[in-house]
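Please look at the sequence and the structure together, and keep both in view while reading the paragraphs below.

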Protein chains: 2
Amino acid sequence: MSKILFGIDIGGTTIKCGVFDEHVSLIQKDELVTDKNDNGKNILRDIAAYITKTAKVYNCGAGDIYAGLAVPGSVMPDGVVNKCVNLGWGLVDVAKELSELLGIDSSQFAVINDANAAALGEYWNGCGAKYESILMITIGTGIGGGLIIDGKPVTGYNGAAAEIGHMPIADCIDYKCTCGKTGCLEQLASATGIARLAGKKDAKTVFDEAKTGDKAMLEIVDKVAMYLGKALAICSAVVDPQCFVIGGGVSAAGDILTDRIKYYYRLNVFHPGKDTPVIRAVLGNDAGMYGAVRNVFISEKE
Amino acid sequence: MSKILFGIDIGGTTIKCGVFDEHVSLIQKDELVTDKNDNGKNILRDIAAYITKTAKVYNCGAGDIYAGLAVPGSVMPDGVVNKCVNLGWGLVDVAKELSELLGIDSSQFAVINDANAAALGEYWNGCGAKYESILMITIGTGIGGGLIIDGKPVTGYNGAAAEIGHMPIADCIDYKCTCGKTGCLEQLASATGIARLAGKKDAKTVFDEAKTGDKAMLEIVDKVAMYLGKALAICSAVVDPQCFVIGGGVSAAGDILTDRIKYYYRLNVFHPGKDTPVIRAVLGNDAGMYGAVRNVFISEKE
């Protein structure tokens, strides 16, 4: 093969690896276990070994290899990763380290934050493919997001754009966020936040009971949807994307949540954005891998 | 002269006209009265007459003339203006109409929303010149805004990006906004909103009395600053700009307002944005004219 591309999404538990041919079609998918020992210092070594082994299978040499990597932390404008708490990383120059490990030019690597990668993946190859701009909100243990305008992730000056979870959205809530502030959306509408609001062991239980018609749980779902709908309405007033995408584990709750989010979105949005679709992500855990490989081309262009 | 450029900012009362040479240096400045009779149908005719007269003085023919126009309304992606209430306009294709009036190719005109133009003006030639991205909030009778990333205005899919005034920011306020919703920032922190909160005839009186140490008025200023600081913190979580710019008539209140906005911004912002500067605009009423002319080059590039 003349060219091989990797889309690698580094998570706290597993590393999702996609192998793509020169037409950027997926030809192989693997999962590595994330080795978090010694502050995650084996992670890049494991990835390098995987790349070497896989490239060999496809008869590709150093000059043929391109890899996009998504990381669970901030990526600074120079591509250096600034802290990935879940991996144990401090400052890590991923492209430089992989370049040294593999003997490949560092320009053949592109690094992106994982939430931005997920949004870029959905934009390129998922539910956002027919839109020019999307804002994706990922609701899991925490709340993250990614903003894509004209095919390019908007990452922000400090790498903190689309950090929707840390919007100060509530006036009167005392929960302190992991970021040190209060009133963050994440404290109200993440899986953790939902379970706490309801006094249940997890968010799934809340939605399951709501689906059986439990009044108290339906009220919790309504409240969570109100915060999320309002957050999207606020995002519309700031960037007015063509489409909103909802992803992450909590989005699996389905229409019982998304229908109410749409209701509160329309109630709160400035009228030009009233018809903006709010849709569910489709790529699931593969989104980051797709976005990571797509980012290789975006970084090349600059 | 080989080339003449116009930056024309069409307001509800006056039309501000800047004439620029081929190096985009300002060489002349004029003001026309906005003729709002007959649903503003004379406005473009008056502008065409002004352009013809001025180009003649500088010995420029049709092929040498470029004009950027800022309008107080939404501009759709195809450049057509969709409603300017203050001018009496419905759907107006400004570039096409001027092209017909002047016998100049429509590609020599570029149309932009006035709040985006003001932000672009400050970004290019004002207080934002040393930053890569800025979000400007303009606080006057209403609240508008403009977002510039990498030199380009982010206008939004419906032309409604940076409509900061219509962020649903307050939970518990009953004032109905002109847009039909409640809880809009504009109802709390525009000149109109400030005067109403304080029960005074205008916002200037509120700030003047606060400056003499009046406790009740100081509390109003603090409340207004709280909403504005929180709004900027929210914007930081969405787009993380390198700098915030505060413009419009209310910004003339000075440090008594901006110092408190900065305080509440820092209190509410997600930590990566905590050092983002919040500065005052410097171009005043000329910002739109500068942004309008700058937009000629941005539209050309696409």
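This is a predicted model: local features need pLDDT of at least 70, side-chain atom pairs count only at pLDDT 80 or more; totals for chains, interfaces and linings use all residues.

What follows goes from chain A as a whole to one of its sheets, then to a single residue, and finally to a sheet in chain B.

Of the 302 residues in chain A, 59% are buried, and the accessible surface of the chain amounts to about 12,200 Å², with 48% of it belonging to carbon and sulfur atoms. Among the contacts in chain A between residues at least 6 apart in sequence, 59% join residues that are at least 24 apart.

Within chain A, one open sheet consists of 3 strands in the order 5-6-7, and its pairing is antiparallel. Strand 5 (74–75) and strand 7 (89–92) of chain A are the edge strands, each of them pairing on one side only. Strand 5 of chain A is joined by 2 bridges to strand 6 (residues 81–84) of chain A, and in this arrangement V75(A) stands opposite V81(A).

N113(A) itself lies in strand 8 (residues 109–113) of chain A. Is N113(A) buried or exposed? With a relative accessible area of 13%, N113(A) is buried, because buried means under 20% relative accessible area. A polar atom of the side chain of N113(A) lies 3.1 Å from the backbone nitrogen of N116(A).

Turning to chain B, one finds an open sheet of 5 strands in the order 11-10-9-12-13, with mixed pairing. Strand 11 (152–153) and strand 13 (278–280) of chain B stand at the edges with a single partner strand each, so one side of each is left without a neighbour in the sheet. Strand 13 of chain B pairs in the parallel sense with strand 12 (residues 243–247) of chain B over 3 bridges, and R280(B) in strand 13 is the bridge partner of I246(B). Helix 8 (residues 215–239) of chain B packs on this sheet, where it touches strand 9 (133–139), strand 10 (143–149), strand 12 and strand 13 of chain B, and its direction makes about 150° with that of strand 9 of chain B.

Note on methods
Residues are numbered from 1 along each chain as its sequence is written. Chains are lettered from A and ligands numbered from 1 in the order in which they are written. Side-chain values use heavy atoms; hydrogens and water are left out. Two strands pair if DSSP finds at least two bridges between them. Helices (H or I, at least four residues) and strands (E, at least two) are DSSP runs, numbered from the N terminus. Contact means heavy atoms within 4.5 Å. Axes are lines fitted to C-alpha atoms, for helices over the stretch in contact, and angles run from 0 to 180 degrees between N-to-C directions. Buried means under 20% relative accessible area, exposed over 50%, partly exposed in between (1.4 Å probe, protein chains only). Accessible areas come from the Shrake-Rupley method with a 1.4 Å probe; for residues, only the protein chains shown count as cover. A polar contact is a pair of N or O atoms within 3.5 Å; within protein, one must be able to donate a hydrogen and the other to accept it, and residues adjacent in sequence count only if both atoms are side-chain atoms.
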